[in-house]
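Dear colleague,

I am handing over the structure below for your use. My findings follow it, arranged by region.

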Amino acid sequence: MTERDHELLEVSELRKYYATDDSVLDRLLGRSSRSVKAVDGVSFSVAEGETLGLVGESGCGKSTTGETLLNLTEPTDGAVRFDGQRLTEMDGASLSRFRERAQIVFQDPFSSLDPRMTAGEIIAEPLVIHDREGDNRERAKELLDRVGLSPGQIDRYPGEFSGGQRQRIGIARALALDPEFIVLDEPVSALDVSVQAQVLNLLDDLQTEFDLTYLFIAHDLSVVRHISDRVAVMYLGEIVERGPVESIFENPQHPYTQKLLESVPRAETGERGRRVDALRGDVPSPRSPPSGCRFHTRCPYAREACREESPESVETGDEGQQAACFRAVDTHPYWRSVPLDHADAADEEPTASGDD
Amino acid sequence: MEDILRVEGLSTRFFTSDAQVNAVESVSFDVRAGEILGIVGESGSGKSVTALSLIDLVDSPGEVTAGQLWLRNPPLAESYPEAAHEDGEFVDLRELPDRTRRSLRGPTFSTIFQDPMSSFNPSLTVGEQIAEAVEVQRRASATPRSTRSRTDGYGLGSYLLDGIVPGRAYTDDASHERAVELLEQVGIPDPDERAREYPHEFSGGMLQRAMIAQALAGEPDVLIADEPTTALDVTIQAQILELLREIQADRDMSVVLITHDLGVIARMCDRVAVMYAGEIVERGTLGDVFDDPVHPYTQGLIGSIPDLDDPRPRLQPIEGNVPSLRADEMGDRGYFADRCPKAMEACLDPQTERSCDDPEHAARCVLADDAYDPATALPDDYFEEGSDD
């Protein structure tokens, strides 16, 4: 699974800004608009057959990333390549072909299904749109059965299904066109744990059966660890760390990843005694993100250098792991700059910088 | 530890036009002084309705239909002999007059809810709303039998003015000062300034802190926290849980913590009750329930969560869906039997609670006393007749 022979999806420097408070007068006067930088220069790739977990807290831009790379919203800047082809250069026919090969499952199983269509109509709709030949109803029954619902329920409306069952309908719809790539945008976060486990197992089985590639967007770290082969961690529109799932969870390099993992309460009896140094403060507004490293306002290791300069992603720790943090570079001037007032974590100098 | 609240056979039902919903069904548990008791369950398991039933906040068409809510309060037991337990220590909350029961909200019970954004009034400052809670408590303790003093020169003029400037005449400088003090205690920086801000100027985590400050205004003996961190991000959740544990230890309060998150339970609680379909299916210490679960539902719940530190290749979910709780669909049988991997003929009888060897650890399941007997196991398709999902 770690073999990376073919990158199905490559995203480089993807940006999505939402303009706000931008009146006609502002535009006439050529004032620069104050925009919300929902996604700000995100790069990653997803290899064929793997699951990339995209994880972060609310407002970090993970869902916008998923929608933008499928071209559901137009990116402000950056390039997305699907199977070697640039999305922005696709013409009508190849874009339509792309829309067959790449699908999405949304978070909320209540608002993502049309309440006036039956389960069968919902699942068959992609087949109608893309003029597929054959018996749509039979295909819908087959898909219902595959996602663990009874084909006899084909004429029921979404309102007659429970949350978990609706999410299965959403998955069946995404499978209708035999896609290669599916963006799963928080597919289990609206579900109860026992149902969540059913859906996670189903996604697992479908991936093996149909050779699917997943981009799994979630805020729940346990779920991400369970399902992902590789993980990217987002904070305020940027990817702060990415790498193979074991490296990210066993050997996190970015202080944000470390704090995120520390914060998750474990469902085991030893949890009460575990010391948790909670990350202080709130996530700053993406309207005016902090200068330099965006995490410096909350980072326990922040120094003067973090306020002035924005860190690049560098190879660190394990193979294939990258973190955007000065601490990953032993020779960085960071180590000689002054800690910020709120930074209080006990800190040792890197061994390499020695006593010069 | 002595128990301060004993719930016996509590049932709460909702009577809607087309069905009767048994949201809580003969639930019994106790809350001890200075402990954190967790109630865990999936959506629709009745955990929130159980909490609302304790503080008499179940709204029509819901109604508490059975059970006793024994509160340890000897002075009240003396004043209301008709509601008192024969030991003279406890009173049954359901037998108290409404006004007396209401006066217990604040000094005895206080609540924090899941969604801080919708729990505050958006048109009043946060400080004002906390000061109001402080003032209610001050007046209630001055005249213990009522929550609102009528003799305090509150005439028509004040009433009309209150309509124009809400909260105007009600709070004063002393209660404002106390509000700022409370905000400081829950870790809000610049409490003086933040008290003058409106709820929308607060972040979710800060507003949850403010709600905790408001709940502390009455110095409660029991704090009921209903999914206090569910709407929050995981790093903010860690802050709020730490705060809850600090104030619980400082004040030696009891906390009833309601959540769907087993991780939160493990982080916070001394004892746990697991709810399913309106019933408590298992209860015991944290160790009993997490390390030695008896009820197949508890086992299934624990098997369903992906482990952060030790990933398993495959999850072991509970098959099927949570039942609807409509009385006409539920019948008499053990509620979990249709999803239970170990359902036997004995499970078809209405069940009573059975204790495991340890009296502290109980489960509503035949397996608590008897070993699983495959000979009497129900066939796999036993429950499929008549329902097609």
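Domain bounds, as used in this message, come from an automatic or database domain assignment. Please bear in mind throughout that this is a predicted model.

**Domains of chain B**

For chain B, the assignment gives domain 1 as 1-108 + 221-334 and domain 2 as 125-218. The C-alpha centres of domain 1 of chain B and domain 2 of chain B are 28 Å apart. To the contact between them, domain 1 of chain B gives 15 residues and domain 2 of chain B gives 17 residues. On the side of domain 1 of chain B that touches domain 2 of chain B, helix H3 (98-103) and H10 of chain B each supply at least two residues. H10(B) provides the largest share of that side, with five residues. By class, that side of domain 1 of chain B divides into nine nonpolar, four polar and two charged residues.

**Contact between the chains**

How many residues of chain B are in contact with chain A? There are 39 residues of chain B in contact with 36 residues of chain A. On the side of chain B that touches chain A, at least two residues each come from helix H10 (234-251), helix H11 (262-268), helix H12 (286-291) and helix H13 (296-304) of chain B. The largest share of that side, six residues, is again supplied by H10(B). The side of chain B that touches chain A contains 17 nonpolar, 12 polar and 10 charged residues.

**Chain B in outline, and two places within it**

The secondary structure of chain B consists of 14 helices and 12 strands. Of the 389 residues in chain B, 48% are buried. Among the contacts in chain B with a separation of 6 or more, 66% are between residues 24 or more positions apart.

S6(B) pairs with strand S7 (residues 222-226) of chain B in the parallel sense, over four bridges. Within S7(B), B:Ile224 is the bridge partner of B:Thr111.

Why does B:Gly284 count as buried? B:Gly284 is classed in this way because it has 24 C-beta neighbours inside 10 Å, where the cut-off is 20 or more. Beyond the neighbours within four places in sequence, B:Gly284 is in contact with B:Arg271, B:Val272, B:Val289, B:Glu360, B:His361 and B:Ala362. B:Val274 is 10 residues from B:Gly284 in sequence, and the C-alpha to C-alpha distance between the two is 9.1 Å.

**Sheets of chain A**

One open sheet of chain A has four strands in the order S2-S1-S4-S5, with antiparallel pairing. Its edge strands are strand S2 (34-47) and strand S5 (85-86) of chain A, each of which pairs on one side only. Strand S4 (residues 77-82) of chain A and S5(A) run antiparallel and are joined by two bridges. In this pairing, A:Phe82 stands opposite A:Gln85 in S5(A). Helix H2 (residues 62-69) of chain A lies across strand S1 (7-20), S2 and S4 of chain A, and runs at about 115° to S1(A).

Another open sheet of chain A has eight strands in the order S6-S7-S8-S3-S9-S10-S12-S11, with mixed pairing. S6 and strand S11 (314-315) of chain A stand at the edges with a single partner strand each, so one side of each has no neighbour in the sheet. S6(A) runs parallel to S7(A), and four bridges join them. The bridge partner of A:Ile104 in S7(A) is A:Val183.

**Helix H6 of chain A**

Helix H6 (residues 163-175) of chain A has 13 residues and reaches 19 Å from its first C-alpha to its last, close to the 18 Å expected at 1.5 Å a residue. Is H6(A) mostly covered or mostly uncovered? H6(A) is mostly covered, with 12 of its 13 residues buried. The buried residues include A:Arg166, A:Ile169, A:Ile171 and A:Leu175. In chain A, the buried residues of H6(A) pack against strand S6 (102-105), helix H4 (119-129), helix H5 (136-146), strand S7 (181-185) and helix H7 (193-210).

With kind regards

Terms used
Residues are numbered from 1 along each chain as its sequence is written. Chains are lettered from A and ligands numbered from 1 in the order in which they are written. This is a predicted model: local features need pLDDT of at least 70, side-chain atom pairs count only at pLDDT 80 or more; totals for chains, interfaces and linings use all residues. Two residues are in contact if their C-beta atoms, placed from the backbone, lie within 7 Å. Ala, Val, Leu, Ile, Met, Phe, Trp, Tyr, Cys and Pro count as nonpolar, Asp, Glu, Lys and Arg as charged, and the others, Gly among them, as polar. Two strands pair if DSSP finds at least two bridges between them. Axes are lines fitted to C-alpha atoms, for helices over the stretch in contact, and angles run from 0 to 180 degrees between N-to-C directions. The expected span of a helix is 1.5 Å times one less than its number of residues.
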